[in-house]
Amino acid sequence: MKRAIRITSAILVMCLLGAAVWAQPYSEAPTLEAQVAAGELPSVDERLPLNPAVMEPLESVGAYSDTIFVFVPDNSPWNTLQEETERGSYLGYIRADNEVVGNLAESFELADDFKSLTIHLREGAKWSDGHPFTADDVVFAFDAFHFDSRVSGSSQPFWLNKVRRAIKVDDYTVRLETDDPFPVMLAKMGEPAGGDWHAYLPRHYLEKFHIDYNPDANEVAAEFGFDSWEQAFDAYDREYQNGFQHLIEDGELRPTMQPWILTEVTDTTKVHVRNPYFWKVDPEGKQLPYIDRIVTGIADPETINLKIIAGEVDLDYGVANVANFALYKENEAAGGYTTLELQDQGNAPVGFAVNQTIDDPIKRPIFQDLRFRQALSLAINAGEINETVFFGLGRPMVFPVVGTSFHLSEWDDNPFDGYDIDRANALLDEVGLENRNGAGWRLGPDGEPFTLTMEGRTVGEESTTFAALELMKEYWEAVGLQTEIKLSERALHIERRDGNLIEVNTGPFTLGSEARQYMIDREFWAHGSHDLNWAPLWGDWLMAWIQVEEGTRTLEDFADGVLPGEEPPQIYKDLFMWNEERSRTVLGSPEYIEISQKIFDFHHDNMLMQGVVGGMPQLAIAKSNLGNVPTGYFGSAIWFGDLLIESEQLYFK
Amino acid sequence: MASYIVRRIIYMIGLLVVLSFVTFAIIQLPPGDYLSTYIANLEAQRIPITDELIESLRVRYGLGDPFLVQYSKWMRSLLRGDMGDSFMLNRPVNQVIGTRLALSVTLSLSTLVLVYLIAIPIGIYSATHQHSVGDYIATVFGFLGLATPNFLLALILMYLTFTYFGWAPGGLFSREYMAAEWSFGKVVDLIKHLPVPLIVIGTAGTAEIIRILRGSLLDELGKQYVVTARTKGVGERRLLIKYPVRVALNPIISTIGGLLPAIISGATLTAIVLSLPTIGPLLLQALQSQDMFLAGSIIMLLSALGLIGTLISDLLLVAIDPRIRFEVKG
């Protein structure tokens, strides 16, 4: 009965919209027209869903274009414009006003008790191999992947970690259910959790590898050269992440819902070609994407910079950095491109965090003294760093938060954003570092010189980082703190961080969009992210403790039956729980704003993570003849301002 | 002679086994393993890492096994001619190296030929015309070439060729040919991209050989046998080429041992700066991400080539210098 009503109302809506919908036949790229004419592909109407998603172009409706050339420093996935798993294929889309709307899915309904989310899929949407995309693909992702402890997917429910059941209502309707209120799952539809690999998987392609769906899965695995079905299944779901050359070589091209299909990977290039079944059109009914092919070259970042100024790079969101700002500007006309300054995040390229759980009886009480952290901030001449290292593009900002739905006014004039050596010296005297030796270095309570070591990563950091650290060292030495800089290779840095060996951890202080923080950064606010971990031991304890609290593990799972790390003071447990509480509120609601305010206020006052220069634009390079280049809000996919969502509308004028 | 070669080859095999062990151990020395790199990558994407995920990956990559087990697995597959899979590229190592090998050899061999063609005549000229204007010019450029770091020269040349000739910087192909099949156009494009790398990689080598040849030839020129030959009326040119130059080439020939591996993975820094798809940068990348099988296999390949090269240079020395003889034990 209910279904009949839905269908009737759907017909009614269609009749109302009829004129607009039917008067406008869908059209497709010339390359596809040729294939249809040759009988290799069904017609565009058959390939599109009954009701395709319509993308409003940023500037104007575009023209079908040939190839876009981009360059990246390595061939890992997640580089700009070559995102394999998710690009443009999230079920939902988070608008700038935090409203979650349909994308690949048509619409969502979050139950009033926040315990279930109903997803309405687009009828007639198809995988890139032409197979229908249905509720089965969503249910399969949960049953065969997330809920199945035999495959590595079982580690992933974190993304939608409270979802306990995925129920097929009909072919195009799925309901996700939780035991506890979990409103965040709606917003998660618009980020990776709502994408391929997390919210859905191509069942028709993967089921032959899974023993529950194919009793001969072990034989299939053996055929493909694996020891067991678990291994084969993991290789074909997860390997999708890793460049998946072997999928191409095995002739097992993995179906996708993205605008482009990866068809070729070498260690110097990647090629993506358009997905003929992509389910989005522009307002004129032209099937997206506009661009036929993405050719990605892999080159050294310095070479990419030269290629940028030579006009060889059509679009860059990842390599261009503020250190080369002048270079890009100088060559704009000759290279035929535009340097875009995207101002949408707090984004402090250099931040630092003082380890609250340092294993040193002299240093720990001082590191835990707020006055010490305030002094470190006041001693830094952030204005000078901004001018000399960042071309004055940012501004001094200890706590780089902008553009959130809670109150920022009090933070706009943070007294510790200032530069005041006298106050810094006075504060350092107060915390017990008043004695100095003959060379002018401050001495600790034990009479030995009180030294600080800043640690950062050598790999993947922009050249600006080191310049800024060098200056910070000078400023801190000017107030008598003997400072060292130690840069380690990435993996070593992680080992040292997790081993609680780092005194002052340095790294970018990037808060991302509000929606993003709301969705996944539980640890970020509770003990520091991977970049700025400010309490490794408390973090270990909290992450284990919450698992025991939630019942996913018991004390026996841990060595000696005790929680690892160190139990934090009550206030930090509260902080951790505030984040839990926040995940039970709806993004943008009054409760959400209140709890967010509490978390942010705590951090603002306690200076556990400090930015130095914030409000830094993200630089992007776009050839002048490229149309519909996103320059502001990027939907929910705010990783690094890349093009996960909007790239299908790019075209060449 | 034959028994000498056989003996050398047997030594080489033993040495390779020792080298493989040391190589494998050294690659594993730094803290962490490929997983640390993999996890760092995931973390950079803010992907939550759980213990289960780490454990499943560890099993998958066989990283949980003790060192000796990992080593013996690797050795066994090496003997079958299978160098294992590259973790980071997710492809068989044979294939990864294969695609780069041809380009590496092309580039290095053409550089080598260029270097010899330029350096040997200049070296001879410098020595025979010591303290002449030509010698001074060669010396100045020689020292400049030796003293300039190649990667810096690469950057400068890339910038200059781009600014003044408009040549696309970096790589061996224009963007249109990057992902294209081999064709006449692609070969032409490759040839157009060769000069900068050839000049950059060749400069230091040229300078070095000029200096070595000049030095050793100067030593020889004053020797008795040269004077004797001259008094006996041997023509200057013939005398020069037949006697002192032949001897003076000794130090150059004895470096062939190092040359073979260099042909495969030489000029790594330059290759990185110029984005050349050769073996050198691949090795660096593999070491950085602790991609054991890839790094280990490349190093094994280089070691083997080094040993073969040494053997070849020893044999060549015998052929070219009559004073060198196999020691006959007796």
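Biologist: How many helices and strands does chain B have?

Modeller: Chain B has 18 helices and 2 strands. Please bear in mind that this is a predicted model. Chain A, for its part, has 24 helices and 24 strands.

Biologist: What share of the residues in each chain counts as buried?

Modeller: A residue is called buried if 20 or more other C-beta atoms lie within 10 Å of its own. In chain B, 33% of the 330 residues count as buried. In chain A, buried residues make up 52% of the 653 residues.

Biologist: Let us turn to sheets. How should I read the order of the strands in the open sheet of 4 strands in chain A?

Modeller: The general idea is that strands of a sheet pair through backbone hydrogen bonds, either parallel or antiparallel. In this case the order is β2-β12-β10-β9, and the pairing is mixed. The strands β2 (65-72) and β9 (260-265) of chain A stand at the edges; each has a single partner strand, so one side of each is left without a neighbour in the sheet. From one strand to the next, the twist averages 20°.

Biologist: How many bridges join β2(A) to β12?

Modeller: There are 7 bridges between β2(A) and strand β12 (residues 291-298) of chain A, and these two strands run parallel. One residue pair to locate is A:I68 with its bridge partner A:I294 in β12(A).

Biologist: Is A:I291 buried or exposed?

Modeller: The cut-off for a buried residue is 20 or more other C-beta atoms within 10 Å. A:I291 has 26 within that distance and is therefore buried. This residue lies in strand β12 of chain A. Leaving aside residues up to four places away in sequence, A:I291 touches A:S65, A:I68, A:L650 and A:Y651. A:I291 and A:S647 are 356 residues apart in sequence, yet their C-alpha atoms are 9.2 Å apart in space.

Biologist: At what angle do helices α23 and α24 of chain A pack?

Modeller: Helix α23 (residues 570-582) and helix α24 (residues 590-606) of chain A pack at an angle of about 155°, and their axes are 9 Å apart. Angles over 145 degrees count as roughly antiparallel, and α23(A) and α24(A) are therefore roughly antiparallel to each other. Their crossing is left-handed. The residues that meet include A:W578 from α23(A) and A:F602 from α24(A). By class, this contact has 6 nonpolar, 2 polar and 3 charged residues.

Biologist: How do helices α17 and α18 of chain B cross?

Modeller: The axes of helix α17 (residues 279-288) and helix α18 (residues 292-320) of chain B come within 8 Å and cross at roughly 135°. The two helices are therefore oblique to each other. The crossing of α17(B) and α18(B) is left-handed. B:I279, B:L282, B:L283, B:A286 and B:L287 of α17(B) make the contact with B:L294, B:A295 and B:I298 of α18(B). By class, the contact of α17(B) with α18(B) has 8 nonpolar, no polar and no charged residues.

Notes: Residues are numbered from 1 along each chain as its sequence is written. Chains are lettered from A and ligands numbered from 1 in the order in which they are written. This is a predicted model: local features need pLDDT of at least 70, side-chain atom pairs count only at pLDDT 80 or more; totals for chains, interfaces and linings use all residues. A residue is buried if 20 or more other C-beta atoms lie within 10 Å of its own, exposed if 12 or fewer, and partly exposed in between; C-beta atoms are placed from the backbone. Axes are lines fitted to C-alpha atoms, for helices over the stretch in contact, and angles run from 0 to 180 degrees between N-to-C directions. Angles under 35 degrees count as roughly parallel, over 145 as roughly antiparallel, 65 to 115 as roughly perpendicular and the rest as oblique. A crossing is left-handed if the near helix is turned anticlockwise from the far one by less than a right angle, and right-handed if clockwise. Two residues are in contact if their C-beta atoms, placed from the backbone, lie within 7 Å. Ala, Val, Leu, Ile, Met, Phe, Trp, Tyr, Cys and Pro count as nonpolar, Asp, Glu, Lys and Arg as charged, and the others, Gly among them, as polar. Two strands pair if DSSP finds at least two bridges between them.
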